[in-house]
Amino acid sequence: MTRPLPHDNVDNFEKVRKIWLTRYMQTQSKTDTRIRTILVAAAEDAAVKVTALEKNSTFSAGVRTAQLRLVMSTIKDILNDVFNEITPVISNGQKSEAVAAVDALTETDREYLKSAFQNTGDINSFIDSQKLQAKIQLIHAINSVTKQKHTLSQNVYRTKALSKQWVQRDVTSGIARGASAEEIAKIVRKHIRPNTPGGVSYAALRLSRTELNNAFHATAITLSQDRPWIKGMEWHLSAVHQHDGGRVEICESYANQIFDVDNVPAKPHPQCRCFVAPVLEPVDVFIRNLTAGQYRDWIDNAA
């Protein structure tokens with residue numbers, strides 16, 4: 001169930017963006033940097049190893065099928081190493097995003113939490129337990145929101161296979177032209193270096209950003225479902241969508257909507273930077289409900 005948003009206040013929107021999107025982007029930026037470092041090193045390693053094939057008798061014989069097999073065997077080893085290094089970086093990034101979502105949610109309803117816990121418990125202990133819970137239940141949260149059972153390792157495997165196809169296409173073309181091992185090495189190096197559009201770097205960063213965003217999105221939704229004073233989740237477009245009037249995406253149909261906490265959509269496309277933020281019940285309603293004891297069971301279980 002959705003309903004239109006009330007008239008947006010620009011100042012309030014920017015405050016919400018700062019609380020939610022900034023936290024997500026801080027972790028993504030750190031993870032991007034780590035992955036780019038891995039890619040730069042891998043690109044140079046690949047160039048050296050492919051160039052060295054010039055001395056291999058199989059390559060120098062000039063049989064193109066054999067050359068392709070030899071080059072792609074080397075590329076396979078390189079890509080295996082790259083994605084083996086990237087996988088724990090993404091996994092750690094997901095956990096960091098889960099914690100970031102807890103921080104964003106806590107900042108949004110901190111005054112509500114203070115009132116709820118003023119007589120029964122320590123709010124800081126509750127927040128710490130939420131962060132631990134978010135990391136432990138991360139995979140379940142992602143599967144619950146996305147309705148998919150794909151593991152990170154499965155997504156990595158598919159991305160690696162796709163990357164290999166892209167590299168093989170250009171390597172095959174180079175070998176067909178009679179390119180030397182050094183020339184092919186330049187092709188491979190270009191595919192892996194993160195400052196080159198497309199290729200392995202694009203696939204790796206796309207995978208990472210998608211996985212991290214899903215972790216942040218799913219954690220925010222799952223935790224909000226447990227807060228009795230949160231009545232919905234508001235979908236906000238990213239700046240990319242706001243400045244790209246020529247594109248029509250599902251995100252744009254979600255904008256200006258408040259979704260019930262149990263029916264918030266998953267991210268509709270890879271690398272989606274839109275974000276959802278909780279809609280709290282009015283303060284006077286919250287105080288009235290709190291005074292009437294409507295949140296007592298929740299507080300007792302949470303404290």
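Predicted model: local features only at pLDDT ≥ 70, side-chain atom pairs only at ≥ 80, totals over all residues.
Q: Which residues of α5 are buried, and where around the axis do they lie?

A: Burial is judged by relative accessible area, with under 20% counting as buried. In α5 the buried residues are I123, F126, I127, Q130 and A134. These residues cover an arc of only 100° around the axis, and therefore they sit on the same side of α5.

Q: What covers the buried residues of α5?

A: The cover includes α3 (64–108), α4 (110–117), α6 (138–146), α9 (199–225) and α13 (296–302).

Q: Which side-chain oxygen reaches towards a backbone nitrogen at the start of α5?

A: There a side-chain oxygen of D122 comes to within 3.0 Å of the backbone nitrogen of N124.

Q: How many disulfides does the structure hold, and how far from C251 is the nearest cysteine sulfur?

A: A disulfide calls for two cysteine sulfur atoms within 2.5 Å, and the structure holds 0 of them. For C251, the nearest cysteine sulfur is that of C272, 3.6 Å away, and C251 is in no disulfide. C274 is likewise in no disulfide, its nearest cysteine sulfur being that of C251 at 3.7 Å.

Q: Are C251 and C274 buried or exposed?

A: C251 has 0% relative accessibility and so counts as buried, while C274, with a relative accessible area of 2%, is buried too.

Notes. Residues numbered from 1 in each chain as written. Heavy atoms only, no water. Buried < 20%, exposed > 50% of the residue type's maximum accessible area, 1.4 Å probe, protein only. Helix = DSSP H or I, 4+ residues; strand = E, 2+ residues; numbered from the N terminus. Arc of directions from axis to C-beta. Contact = heavy atoms within 4.5 Å. Polar contact = N/O pair within 3.5 Å; in protein donor to acceptor, adjacent residues only side chain to side chain.
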